[in-house]
Amino acid sequence: MSDTPESAPRVVLGVGGGIAAYKACELLRRLTESGHRVRVVPTGDALRFVGEPTWAALSGQPVATTVWDGVHEVPHVRIGQSADLVFVAPATANILAKAAAGLADDLLTNTLLTARCPVVFAPAMHTEMWEHPATRQNVATLRSRGAIVLDPAEGRLTGADTGRGRLPEPAELFEAARLALRRGTAAADLSGLRVVVSAGGTREAIDPVRFIGNHSSGRQGYALARTAAARGAAVTLVAANVSLPDPAGVRVVPVESARDMAEAVAAERAGADVLVMAAAVADFRPVAAVGSKIKKSGDAPAPIELAENPDILAGLVADRDREGLAQTIVGFAAETDDVLAHGKAKLARKGCDLLVVNRVGGGLAFGTEDNQAVILASGGGAFEVPRGPKDDLADRVWDLVADRAGPARPESP
Ligand code: CTP
C-alpha cells in the first residue's frame with residue numbers, strides 16, 4: 001500500500017485503451033514521487049496494453065476497471081467525489097465520445113460524471129480520428145463544460161505514419177497535471193481563447209556557420225505557452241532556436257531568424273485573441289549572409305554591414321488597430337538599467353496592452369529558472385511580480401490578459 005499521507009493531493013489517473021498507455025506509467029511514477037496520492041482507473045481495453053499489476057505496483061493503490069469491484073465502498077461515486085484532479089491519458093476517441101455523451105458504463109466514465117474537480121484529457125489517436133467531425137464535436141462539448149482537452153502532439157504515431165495525435169511526453173503531461181491541480185476549480189479560465197506566443201532568441205546568419213544571436217533560452221515563453229494550455233487556451237508557440245521539450249497541448253512552429261518569426265507570427269495572428277511577444281528578436285541582421293564560410297585572410301576582417309529587422313510587436317499592434325480586431329497584445333522588455341523608465345517609454349512606443357518589464361544581465365532572467373518583473377498596463381497600472389518560477393510570472397500575465405479579454409467563449413467545433 002502507498003505510504004503517501006492521507007492529506008496528499010488526490011489524483012485519479014484514467015487510462016484509455018491506446019498504445020500510449022505505456023507513457024502513463026511514467027506519468028504515474030512522476031505523480032507518486034512528487035507526493036500525490038494516485039488512484040489509477042484504467043479501462044478494460046487499457047489493461048490489454050499495460051496490466052493491472054503494473055498500475056497497482058506503481059501507485060500503491062488497488063486498481064479497478066468496473067463498478068463491480070469493491071462494491072461496498074461505492075467506488076463509482078467515491079473515487080470521483082474525493083479527487084482533486086482527474087487526468088485521463090491517453091484519452092482515446094472512444095473515451096472522449098463517452099464523456100461527451102455522459103455515458104457511465106465502466107468505472108472511469110462513472111468517475112468522470114461524479115468528479116467536481118478539474119478534469120484534463122490528454123488525447124492520443126490517429127490523425128484521422130482526431131480530425132473527424134465527431135471527435136471535434138466531442139472535444140468542443142467537453143471544453144464548453146469546463147474540461148481541459150490538451151491538443152495532441154505531432155510526430156510519430158503507431159506504425160509508420162506520423163501526424164497530429166501523439167500523446168505528449170510524460171514530463172510535460174506531469175507539468176499540465178501540476179498546473180491544473182494548483183489552479184483548482186479555476187483551471188480552465190482561458191478556454192476558448194486562441195493565443196500565439198513567441199519565444200527564444202532569433203539568429204541572424206553571417207555565413208553558413210556563424211550568426212548574430214542572444215542569450216534567450218526560451219524558458220519564459222515556454223512557461224507562458226505551457227500555463228495557457230493548462231488553463232484551456234489553444235496555443236501556438238513560435239519558437240526561435242529553443243532546445244526545450246514541446247509543452248503539452250501546444251502547437252510549436254520552429255523558426256530561426258527575425259524575418260522567419262515575422263512571417264510565422266503573421267500567418268497566425270488574424271485568428272488569435274491574444275498575441276504575446278516574449279522572444280528576444282534581433283534588431284539588426286547582416287545585410288546579406290555570405291554563401292560560404294568566411295576565412296581568415298591575414299588582412300583586417302571586413303566589417304559586417306547591418307540592416308534593421310522588422311519590429312514584429314509594433315507591426316502586430318498596427319495591424320490590429322487598422323483591422324479593428326479585439327486582440328490583447330503583450331510585449332516584453334529586457335532592460336539592463338533604468339528599467340521602469342525604459343519600460344514605460346517602450347509601452348507607449350510599441351502601443352501594446354501589457355508590457356512585462358524585466359531586468360536582464362548579472363544572472364537575471366536569461367537562462368535562469370526564476371524571473372521577476374513589473375507588468376505595465378496601457379491604462380496606467382503597474383503590477384509587481386516578485387522573484388519566483390517563470391510559471392508564476394506566466395500565470396500573472398494570463399490573469400491580467402483574462403481580465404482584459406473578458407469571459408471565455410465557447411469553442412465552435
Ligand atoms: N520586438 C519585436 N521585434 C523586434 C524587436 C523587438 O517584436 N525587431 C519585441 C520583443 O519581442 C519584445 C519587445 O519588442 O516583446 C521589446 O523588445 P526589446 O528588445 O526590449 O526592445 P526593442 O524594441 O528592441 O528596443 P531597444 O532595443 O531600444 O531596447
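Q: Which order do the 5 strands of the open sheet take?
A: They run β2-β1-β3-β4-β5, and the pairing is parallel. Strands here are DSSP runs of E with at least two residues, helices are runs of H or I with at least four, and both are numbered from the N terminus. Two strands pair if DSSP finds at least two bridges between them. This is a predicted model, where local features need pLDDT of at least 70 and side-chain atom pairs pLDDT 80 or more, while totals for chains, interfaces and linings use all residues. Residues are numbered from 1 along each chain as its sequence is written, and side-chain values use heavy atoms, leaving out hydrogens and water.

Q: Which are the edge strands there?
A: β2 (37-42) and β5 (148-149), each pairing on one side only. β5 pairs with β4 (residues 119-123) in the parallel sense over 2 bridges, and phenylalanine 121 has valine 149 in β5 as its bridge partner.

Q: What does helix α9 lie across?
A: Helix α9 (residues 170-183) lies across β1 (10-15), β3 (85-91) and β4, at about 155° to β3. Angles run from 0 to 180 degrees between N-to-C directions, with axes fitted to C-alpha atoms, for helices over the stretch in contact; contact means heavy atoms within 4.5 Å.

Q: OK, the sheet with 8 strands. What's the order?
A: β12-β11-β8-β13-β16-β17-β18-β19, an open sheet with mixed pairing. Its edge strands are β12 (250-255) and β19 (382-389). The twist averages 20° from one strand to the next.

Q: And which helix runs at about 155° to β17?
A: That is α13, which lies across β16, β17 (354-359) and β18 (370-377).

Q: What lies 2.7 Å from an oxygen atom of the ligand?
A: A polar side-chain atom of lysine 346 does, and so does a backbone N or O atom of methionine 277. A polar contact is a pair of N or O atoms within 3.5 Å. For proline 310, a backbone N or O atom lies 2.9 Å from a ligand nitrogen.

Definitions and conventions
Polar contact = N/O pair within 3.5 Å; in protein donor to acceptor, adjacent residues only side chain to side chain.
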